[in-house]
Amino acid sequence: MKYLDEYRDSNIARGIVAELGRRATRPWVLMEICGGQTHTLMRYGIDELLPAGIELVHGPGCPVCVTSLETIDKAIEIALRPDVTLISYGDMLRVPGSRIDLFHVKANGGDVRVVYSPTEALKFARMNPSRKVVFFAVGFETTAPANAMAVWQAKREGLKNFSMLASHVLVPPAIRALLSSSRNRVQGFIGPGHVCTIMGYREYEDLIREFHVPIVVGGFEPLDLLEAILMLVTQLEEGRAVVENQYVRSVTYEGNPLAQKVLAEVFEVCDRKWRGIGGIPESGLNLRQEYAEFDADRIFGTEGVTADEPAECISAEVLQGLKKPTDCSAFGTRCTPENPLGAPMVSSEGACAAYYQYRRHGMVAAKDIH
Amino acid sequence: MCLAIPGKILSSALENGIRVGRVQFGGITRQTCLDFVPEASVGDYVIVHVGFAISRVDRAEAERSYEALESMGLLKGELESDLEDS
């Protein structure tokens, strides 16, 4: 139990693990949605602490990972224009497009910049009126209100040189798609704590009515996740399926109403293609008609761009919890964070990157033994 | 980029009609939109995602979460920016 010693309160962690051992009488497959949670699980070796039979699989909650290949290609096409400054979050630059990535565009003289907030992109547009500033906006419900706010503000100020290539995705439709699949193995979900900080967890009740699967909204610290796992196993062992909130420090039932308001003002629900998974109905957010003048896809005529995903990367199965990153023959050899084949190896929140960071040495050691 | 980091509000002012403040994350400060957390004021701790405070938390919780993120080496990439001047 080497990992437990690193916990803030290792006695509580030991207690939860022991309680799990008492309560779990049969195998259960649980999925965490959020890539940040995947990272904590790997860092603290939580999957290895659990009683035999409780399996954690990792969900599609890494926005960088699920942004479709054609959206990356659109961003690259726009970034190659000499009159454009394309601005995005840092992780997006190394996501492979069909031919190149945004980092390649930047390295070859393209004006591609990294920000930590969309408000910085807005500020850059104000200060550089001769540049066409495009913010490449990805993210789940956590990020979408911030991106919405940037567009709302641009419209209010009458900024003419700011636009957004938007590729937002929504968690509940993705869970619905996973549960509807005939290959689904997941019996309980750890809900994404920061998505629910914005959205609350009312909408997860519909999923439970439909599929009778327990969902526990969880935080991001190791004890949060152990507690969420215990709450899920308790429900499963008792045959119950309800939404529970482990992350009460940040999440309320209703969520953040002000963030929801700007989200609804600027965006509307649309169908969305997810990298590795395919199309999911009503699983994305696009700019409303009233904000069409800020739609980079429309301004730069990239609506028709399409792309086929390479077959060699198994990210589709990883993102659906059907396979582990270490099941991939390219893992850690032909696919590394420096030279990724697929997006889950790029983002620090991607499952493959988390396994690479925390598990590859163990793999090598295990191989050496044989 | 989907992480959220707890920090302490150092200042608060209106800028272009938006409530913004400097928020401190360990040794780094970043300009942060405070419009989604009207209940939070200077000295309070908030959880910040891509430059927007999304909820108010207590100090002990904020410090614990920050240490957890720092120990996982996740903070640097999250606050990375070509444009921020601080």
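Predicted model: local features only at pLDDT ≥ 70, side-chain atom pairs only at ≥ 80, totals over all residues.
Reader: Where should I start with chain A: which domains does the assignment give?

Author: The domain assignment of chain A gives domain 1 (3-61 + 171-245), domain 2 (65-170 + 256-299) and domain 3 (315-369). Between domain 1 and domain 2 of chain A, the C-alpha centres lie 31 Å apart. Their contact takes 12 residues from domain 1 of chain A and 15 residues from domain 2 of chain A.

Reader: Which elements give two or more residues to the side of domain 1 of chain A that touches domain 2 of chain A, and what is its make-up by class?

Author: On that side of domain 1, the elements giving two or more residues are β2 (54-61), α9 (171-180) and α10 (193-199) of chain A. By class, this side of domain 1 of chain A has 9 nonpolar, 3 polar and no charged residues.

Reader: Now the helices. How do α8 and α13 of chain A pack, and what is the hand of their crossing?

Author: For a helix pair, read the angle and the axis distance, then the hand, then the residues. Helix α8 (residues 144-157) and helix α13 (residues 257-266) of chain A pack at an angle of about 60°, and their axes are 8 Å apart. Because of that angle, α8(A) is oblique to α13(A). The crossing of α8(A) and α13(A) is left-handed.

Reader: Which residues make the contact of α8(A) and α13(A)?

Author: From α8(A) come A:Ala144, A:Pro145, A:Ala148, A:Met149, A:Val151 and A:Trp152, and from α13(A) come A:Ala259, A:Val262, A:Leu263, A:Glu265 and A:Val266. Sorted by class, the contact of α8(A) with α13(A) has 10 nonpolar, no polar and 1 charged residues.

Reader: And α7(A) with α8(A): at what angle do they pack?

Author: Helix α7 (residues 118-127) of chain A and α8(A) pack at about 25°, with their axes 8 Å apart. An angle under 35 degrees counts as roughly parallel, so α7(A) is roughly parallel to α8(A). Here α7(A) passes α8(A) in a right-handed crossing. The contact is made by A:Pro118, A:Thr119, A:Ala121 and A:Leu122 of α7(A), together with A:Ala146, A:Asn147, A:Ala150, A:Gln153 and A:Ala154 of α8(A). By class, that contact of α7(A) with α8(A) has 6 nonpolar, 3 polar and no charged residues.

Reader: How do I read the contact between the chains, and how many residues does each chain give?

Author: The size of an interface is often given as the accessible area lost when the parts come together. Here we can count residues: the contact takes 40 residues from chain A and 32 residues from chain B. On the side of chain A that touches chain B, the elements giving two or more residues are α2 (35-43), α4 (63-66), β4 (112-115), α7, α8, α10 and α13 of chain A. The largest share of that side, 5 residues, comes from α8(A). By class, the side of chain A that touches chain B has 16 nonpolar, 15 polar and 9 charged residues.

Reader: What about burial: how many residues of α2(A) and of α5(A) are buried?

Author: Count the buried residues in each helix, then ask what covers them. In α2(A), which is mostly covered, 8 of its 9 residues are buried. They are A:Gly35, A:Gly36, A:Gln37, A:Thr38, A:His39, A:Thr40, A:Leu41 and A:Met42. Just after α2(A), A:Gly45 takes a positive phi of about 60°. Helix α5 (residues 69-79) of chain A is also mostly covered, with 9 of its 11 residues buried. The buried residues of α5(A) include A:Glu70 and A:Lys74. What covers the buried residues of α5(A) includes β3 (84-89), α6 (102-107), β4, β5 (132-139), β6 (162-169) and α14 (296-299) of chain A.

Reader: Let me try single residues. Is A:Leu285 buried or exposed?

Author: A residue is buried if 20 or more other C-beta atoms lie within 10 Å of its own. A:Leu285 has 26 C-beta neighbours inside 10 Å, so A:Leu285 counts as buried. A:Leu285 is found in strand β11 (residues 278-287) of chain A. The C-alpha atoms of A:Leu285 and A:Cys270 are 15 residues apart along the chain and separated by 5.5 Å. Beyond its neighbours within four places in sequence, A:Leu285 is in contact with residues including A:Ala144, A:His168 and A:Cys270.

Reader: And which residues does A:Ala316 contact, leaving aside its neighbours within four places in sequence?

Author: Those contacts of A:Ala316 are A:Gly276 and A:Ile277. A:Ala316 is found in helix α15 (residues 315-319) of chain A. With 18 other C-beta atoms within 10 Å, A:Ala316 is partly exposed.

How values were computed: Residues numbered from 1 in each chain as written. Chains lettered and ligands numbered in written order. Domains from an automatic or database assignment. Contact = placed C-beta atoms within 7 Å. Helix = DSSP H or I, 4+ residues; strand = E, 2+ residues; numbered from the N terminus. Nonpolar A, V, L, I, M, F, W, Y, C, P; charged D, E, K, R; others polar. Buried ≥ 20, exposed ≤ 12 C-beta atoms within 10 Å, placed from the backbone. Axes fitted to C-alpha atoms, helices over the stretch in contact; angles between N-to-C directions. Parallel < 35°, antiparallel > 145°, perpendicular 65-115°, else oblique. Left-handed = near helix turned anticlockwise from the far one by under 90°.
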